[in-house]
Amino acid sequence: MTSALQEAVQGAADRLVAAGAAGVQFRVARGDDAFVVTSGVAELGTDRPVPADGRFRVSCLTKPFVSVVVLQLVAAGKIVLDNTVESYLPGLLPYGEKITIRNLMQHTSGLYNYSDSFQKPGDRFLRDRYKHYEPADLIAIAAAKPLEFEPGSKFAYCNTNYFVIGLLIEKVTGRSYRTEITERVLEPLELTETVLPGDDPNIPGPHARGYMQIGGEPVDVTLMNPSEAGCAGEIISTTRDLDTFFSALFSGKLLDEPELTEMTTALPEDMIENLPMGIGYGLGIMKLANDAGLDLWGHGAGIPGYATFAATTRDLSARVQLSFTIGDKDFGPEAEQAVIRGVNIALCS
C-alpha cells in the first residue's frame with residue numbers, strides 16, 4: 001500500500017520531470033524502511049521507464065569517498081591534515097608551501113578550478129568526450145595561474161583540490177586512489193553497484209540516458225571518458241549503494257569518532273557561496289539546510305547528462321538519494337527549486 005509520504009515524493013519527482021528532467025530516481029529511507037519512486041523515461045523518444053536500481057554518474061559525490069580514504073590514512077599516521085602540499089608533493093604547485101591538505105579537502109586552497117577553463121558546451125563536448133586526461137596535466141592548468149585568494153581565507157568549490165588529493169593518496173600509499181577506495185570502502189561495504197570507471201566511457205548495468213542541450217536540441221551524452229572528472233567526480237553508483245555508504249559513514253563503520261568529527265567540522269555559513277542548500281562545508285561533505293532543522297549532511301553533484309543529490313541525518317533517521325537525467329531543457333532555477341522542495345518533502349514531512 002502506498003503511503004502518504006511515498007505519494008508526496010512521487011509528486012516531487014513528477015514536478016522535477018515537468019521542470020526539465022528526462023528521468024528521475026528518488027530513494028527515501030526513514031529508519032529501516034525505504035522506498036524508491038521514479039518518474040519520466042530512461043530514454044527520450046521512448047516510454048521506457050527509469051530503472052529503480054539504475055546506475056548513474058555521481059560526479060562530485062565521489063569526494064566523500066575520497067575523503068574517507070584520506071581520513072583513514074590520517075588515523076594511520078600517514079597524512080597530517082595541517083601539513084602542506086609541498087611537504088608531500090614537492091614541486092607540484094608553485095605555492096604548495098602555503099596550502100594544507102585540510103585546505104584542499106574543504107575547498108579553501110585558493111587554487112584555480114581547472115574545470116572553469118574546461119567547460120564543454122555544445123560541439124566542444126562532442127569533440128572531447130572520449131579524450132583521456134592525466135591528473136598532472138589538469139593540475140598544471142591551475143598551477144599556471146596565481147592563487148585566487150590566500151589559502152584558508154575563503155571558500156571556493158574547486159575540483160583541482162581533489163586531483164591533488166588523488167596524487168597525495170598515491171604518494172603515501174604507493175597505490176592509486178581507485179585501488180584505495182575499492183579496498184577500503186567498496187569491498188568492505190559490498191558496494192557491488194559502484195565502480196570507478198577510469199577511461200571506460202560506459203555505464204555498466206541498467207541506467208537512464210543523459211542529455212545536453214546542443215544547438216537547441218537534446219543530444220545523448222551518456223557515454224564519456226570520465227578521466228576529466230577523475231578523483232573529483234568519476235564514480236558511478238546507485239541510490240542503494242549511496243545509502244549504504246552514508247549509513248556506514250555515520251554509524252562509525254568507516255571512520256572512528258575523531259576522524260568523523262574532522263570530516264563534519266564545517267566552515268561557517270557566511271563563508272559558503274553558490275552551493276544550493278549548503279550552509280557549511282566539512283572535509284568533502286556539506287552541511288545542508290532543511291525545513292525541519294535536521295542535522296543533515298550530504299552533497300550535490302552534476303556532470304554532463306546527470307545530476308545527483310544525497311542527504312543523511314547524523315542519526316540516520318532520515319535519508320534521501322536523488323538522481324535525475326538532464327532532458328530537453330537546461331537545468332535551471334525551476335529544476336533547482338524542484339530538487340530542494342523534493343528533498344524537504346522526503347526528509348521533513
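## Burial of the tyrosine pair

A residue is termed buried when its relative accessible area is under 20%, exposed when over 50%, and partly exposed in between. In this predicted model, Tyr-281 has 0% relative accessibility and therefore counts as buried. Tyr-157, at 23%, counts as partly exposed.

## Aromatic pairs

Five aromatic pairs are found in a search of the whole structure. One of the pairs is formed by Tyr-114 and Phe-163, whose rings are edge-to-face, with 5.2 Å centre to centre and 85° between the planes. Tyr-114 belongs to the loop between α4 (101-105) and α5 (123-128), and Phe-163 to helix α7 (residues 160-173), so the pair ties together parts 49 residues apart in sequence. Both Tyr-114 and Phe-163 are buried.

Tyr-157 and Tyr-281 also make an edge-to-face pair, at 6.3 Å centre to centre and 75° between the planes. This pair links distant parts of the chain, 124 residues apart: Tyr-157 is in the loop between α6 (135-143) and α7, and Tyr-281 is in strand β7 (residues 278-281).

## Packing of helices α2 and α10

Helix α2 (residues 62-75) and helix α10 (residues 239-250) have axes that come within 12 Å and cross at roughly 35°. The crossing is left-handed. On α2 the contact involves Pro-64, Phe-65 and Val-68; on α10 it involves Leu-242, Phe-245, Phe-246 and Leu-249. By class, this contact has seven nonpolar residues, with no polar and no charged ones. Phe-65, Phe-245 and Phe-246 form one aromatic cluster.

## Lysine charges over tyrosine rings

The charged end of Lys-63 is placed over the ring of Tyr-162, 5.6 Å from the ring centre. Lys-145 has its charged end over the ring of Tyr-112, 4.9 Å from the centre of that ring.

Key: Residues are numbered from 1 along each chain as its sequence is written. This is a predicted model: local features need pLDDT of at least 70, side-chain atom pairs count only at pLDDT 80 or more; totals for chains, interfaces and linings use all residues. Side-chain values use heavy atoms; hydrogens and water are left out. Axes are lines fitted to C-alpha atoms, for helices over the stretch in contact, and angles run from 0 to 180 degrees between N-to-C directions. Helices (H or I, at least four residues) and strands (E, at least two) are DSSP runs, numbered from the N terminus. A crossing is left-handed if the near helix is turned anticlockwise from the far one by less than a right angle, and right-handed if clockwise. Contact means heavy atoms within 4.5 Å. Ala, Val, Leu, Ile, Met, Phe, Trp, Tyr, Cys and Pro count as nonpolar, Asp, Glu, Lys and Arg as charged, and the others, Gly among them, as polar. Rings of Phe, Tyr and Trp (its six-membered ring) pair if their centres lie within 6.5 Å; planes under 30 degrees apart count as stacked, over 60 as edge-to-face and the rest as tilted. Buried means under 20% relative accessible area, exposed over 50%, partly exposed in between (1.4 Å probe, protein chains only). A charge sits over a ring if NZ of Lys or CZ of Arg is within 6 Å of the ring centre and within 35 degrees of the ring normal.
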